[in-house]
Amino acid sequence: MPEILTFKDGRDGQSFEAPIEDDSIRATALKPAGLVSYDPAFLNTASVRSAITYIDGDAGILRYRGYPIEQLAESATYLEVAYLLIHGELPTQEQLAHWADDITMHTFLHENVKRLMEGFRYDAHPMGMLVSVTAALSTFYPEAQDVDDETIRMQQVVRLIAKVPTIAAWSYRHSKGLPYVYPDNDLGFAANFLSMMFRMGEPHYHADPALERALEVLFILHADHEQNCSANVMRSIGSSKADPYVSLAGAAAALYGPLHGGANEAVLRMLVEIGSAKNVPAFIDRVKSGEGRLMGFGHRVYKNYDPRARIIKQTADDVFEVTGRNKLLDIALELEKIALEDEYFVSRKLYPNVDFYSGLIYQALGLPTALFPVMFAIPRTAGWLAQWLEGVQDPEQKIARPRQIYTGAAERDFVAIDSRRATAASTS
Ligand code: SDX
């Protein structure tokens, strides 16, 4: 029995049918009734079919290609997860070795990029630098515009996963007036990033294994999250057949916003502003009265505890074993405790999300607050690219071009300038 949604137009009594596929109907089924669907911010609209990441927001489930995030965080490395997202399967030993070598061989940036980065002020936000330099890489690899060539697509995938950490680390070194540290091919993905961030005069950087593993886990947890704001941008820009460098720059720009990946930076600034656990009740009252938001709380999909926040909270303990406990954790724990018992947050199903605890770890690792969104963009590069690859190869996809509901002026004739009078709207 085909599943059909039948709906009746109350204006003329006509009935229409829409086939139900995968618990959805196509918006184009409304066309015979002369209707479009209206869904600002896509609250209830699927724009793609995807096999990459599965989220069950009510149950707090997150899986990459079917593998539960808890198992990947426990047992995988970030490059294994990046391979899984891009290729759809966990790599064999040989595939992982080849993948890791490929990534390692592409971590360097063209020397001109150094001069490009020197043009930024010392206090330039590293996300602004990341967005700009990622887009600029498009000019170094013009062949990337051939997005229909699989070999060329995969070359750019490797280049971006490999080079984004280098751009990120160099943006930090630029802000400190320190010399850039070149990638060290003898180090793994996370250790190499720490080396490019913190190596000084010593010939080789030796990362603490516990901190290196904590960073790998954070990278795994941030690697993808289905059709979030920045993934939607990556797909939308990619739908015009723009190259993956400018597409990823756009995705990183979306991530920068404080409602998205910029929230981890906003959480740290919020905790510093609260200053002490005893100030938490007053802060919560201000949020409930509409003064700002409890950053790091809430999620469009998760109406339960974000499974990533739970793992990050556990990872924080491992990091603090090495670095010493971050005092701001006490404030964060008090915020969580009070919020989870308060009707305002409970009724709105607001729970800690991935950004609530991650900044405490980054700060304990010695990273500046402004770099926190960049720490989100580094691992999410693999997710954005997996989404882009799926989008450019999806036979159902076309250039993204939504409809609108027009609310502007009806047709009117041009008025010569000497006949125009300022209206209330135009006097501002
Ligand atoms: C990420 O989409 C993804 O998957 C994103 C992400 C990923 O991995 O890619 O998970 C990463 O972006 C996590 C979210 C990080 N952002 C923050 O922590 C910023 C604070 N949170 C929010 O602003 C908010 O919760 C969003 C943006 C995350 C979700 O917003 P929605 O789904 O659009 O919900 P909403 O803004 O309509 O809020 C619903 C209600 C409102 O109250 P009422 O108007 O009904 O009275 O809940 C309130 C909001 O005011 N609310 C909050 C709140 N979040 C929502 N009130 C106080 N503090 C908050 N954090």
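A polar contact here is a pair of N or O atoms within 3.5 Å; within protein, one atom must be able to donate a hydrogen and the other to accept it, and residues adjacent in sequence count only if both atoms are side-chain atoms. With that in hand, we can start at the ligand. An oxygen atom of the ligand sits 2.6 Å from an N or O atom in the side chain of His 225. The model you are looking at is predicted, so local features need pLDDT of at least 70 and side-chain atom pairs count only at pLDDT 80 or more, while totals for chains, interfaces and linings use all residues. Residues are numbered from 1 along each chain as its sequence is written, and side-chain values use heavy atoms, with hydrogens and water left out.

Two further side chains reach ligand oxygen atoms. For His 260, the distance from a side-chain N or O atom to an oxygen atom of the ligand is 2.9 Å; for Arg 348, a polar side-chain atom lies 3.1 Å from a ligand oxygen. Taken alone, the ligand exposes 1,000 Å², and the protein buries 75% of that (areas come from the Shrake-Rupley method with a 1.4 Å probe, and for residues only the protein chains shown count as cover). There are 23 residues around the ligand, and His 225, Arg 293, His 299, Arg 308 and Arg 380 come nearest; a residue is near a molecule or strand if one of its heavy atoms lies within 4 Å of it. The shell divides into 10 nonpolar, 7 polar and 6 charged residues. In that count, Ala, Val, Leu, Ile, Met, Phe, Trp, Tyr, Cys and Pro are nonpolar, Asp, Glu, Lys and Arg are charged, and the others, Gly among them, are polar.

Let us stay with His 260 for a moment. His 260 is found in the loop between α10 (244-256) and α11 (263-274), where helices (H or I, at least four residues) and strands (E, at least two) are DSSP runs, numbered from the N terminus. His 260 counts as buried because its relative accessibility is 14%; buried means under 20% relative accessible area, exposed over 50%, and partly exposed in between (1.4 Å probe, protein chains only). Its side chain also makes a polar contact of 2.8 Å with the side chain of Ser 230. Not counting residues up to four places away in sequence, His 260 touches Asn 228, Cys 229, Ser 230, Ala 254, Leu 255 and Asp 355, contact meaning heavy atoms within 4.5 Å.

The largest nonpolar core has 120 residues, and Trp 99, Met 270, Leu 294 and Leu 335 have the most contacts inside it. Such a core is a set of buried Ala, Val, Leu, Ile, Met, Phe, Trp, Tyr and Cys residues joined through side-chain atoms within 4.5 Å. Helix α17 (residues 372-392) gives the most to this core, with 12 residues. A second, separate core of 6 residues includes Phe 7, Ala 18, Ala 29 and Leu 30. Beyond its neighbours within four places in sequence, Leu 294 is in contact with Met 270, Phe 283, Ile 284, Val 287, Leu 335, Ala 339 and Phe 345.

Helix α7 (residues 189-198) is mostly covered, with 9 of its 10 residues buried. Its buried residues pack against α2 (78-87), α3 (93-104), α6 (150-176), α8 and α17. Thr 315, in helix α13 (residues 307-323), is buried because its relative accessibility is 7%. Setting aside neighbours within four places, Thr 315 is in contact with Ala 214, Val 217 and Ile 361.

The loops deserve a look too. Val 147 lies between α5 (126-140) and α6, and it is buried because its relative accessible area is 1%. Val 147 and Gln 393 are 246 residues apart in sequence, yet 9.5 Å apart in space, C-alpha to C-alpha.

Finally, consider two backbone angles. Most residues other than glycine have a negative phi. Arg 65, in the loop between β4 (61-64) and β5 (67-68), has a positive phi near 50°. Glu 226, in the loop between α8 (209-221) and α9 (229-238), also has a positive phi, of about 50°. Arg 65 is partly exposed, with a relative accessible area of 22%, and Glu 226 is partly exposed at 22%.
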